[in-house]
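I opened the model and kept notes as I went. The entries follow the order in which I looked things up.

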Amino acid sequence: MIAVPTEKKNGSDNGTEKAVREEVQEQGNASALEQRLQEVLSGMEGVGKVQVMLMTGKEKNTFGFGSDSSDLITGVLIAAQGADDPVTVREIQQAVMALFQVEAHRIKVIKMI
């Protein structure tokens with residue numbers, strides 16, 4: 001008979017693992033939303049290629065302080081080929097506002113190079 005040593009996990013390790021799993025799942029959800037939004041926007045007339053970045057309340061700001069724990073969309077950045085047309089920019093903003101209930105000042109649409 002051979003004895004193999006095993007590590008005993010304590011409760012704090014399980015909590016950390018759970019937090020990491022939840023973070024990965026949330027990132028996957030945000031990533032899926034970004035992908036779906038890119039597909040919808042790129043299908044709109046005049047928009048062209050797009051790249052989308054969604055921010056939620058789960059990220060930490062650049063100063064390291066945690067933000068609120070809400071999982072709502074708190075900001076949207078969109079780079080679009082057609083962003084040089086103000087009508088297209090307005091249509092993109094209105095679509096995002098309708099989908100995510102985000103105020104216009106939290107949506108930034110920039111010209112993609």
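Entry 1, terms. I count two strands as paired if DSSP finds at least two bridges between them. Helices (H or I, at least four residues) and strands (E, at least two) are DSSP runs, numbered from the N terminus. The model is predicted, so local features need pLDDT of at least 70 and side-chain atom pairs count only at pLDDT 80 or more, while totals for chains, interfaces and linings use all residues. I number residues from 1 along each chain as its sequence is written, and side-chain values use heavy atoms, with hydrogens and water left out.

Entry 2, the sheet. I found that strand 1 and strand 2 (residues 73–80) pair in the antiparallel sense over seven bridges. I noted T56 opposite I73 of strand 2. The open sheet has three strands in the order 1-2-3, with mixed pairing. Its edge strands are strand 1 (50–56) and strand 3 (107–111), each pairing on one side only. In general, the strands of a sheet pair through backbone hydrogen bonds, either parallel or antiparallel.

I looked up residues 86–100, the 15 residues of helix 2. From first C-alpha to last, helix 2 reaches 21 Å, close to the 21 Å expected at 1.5 Å a residue; the expected span is 1.5 Å times one less than the number of residues.

Which residues of helix 2 are buried? I listed T88, V89, I92, A95, V96 and F100. They cover an arc of only 125° around the axis, so they sit on the same side of helix 2; the arc is that of the directions from the helix axis to the C-beta atoms. Buried means under 20% relative accessible area, exposed over 50%, and partly exposed in between (1.4 Å probe, protein chains only). The face turned away from the buried side carries the exposed residues P86 and A98.

Axes are lines fitted to C-alpha atoms, for helices over the stretch in contact (heavy atoms within 4.5 Å).

After helix 2 comes Q101, whose phi is positive, near 50°. I placed V102 in the loop between helix 2 and strand 3. V102 is buried, with a relative accessible area of 5%. Not counting residues up to four places away in sequence, V102 touches I73, M97 and I107.
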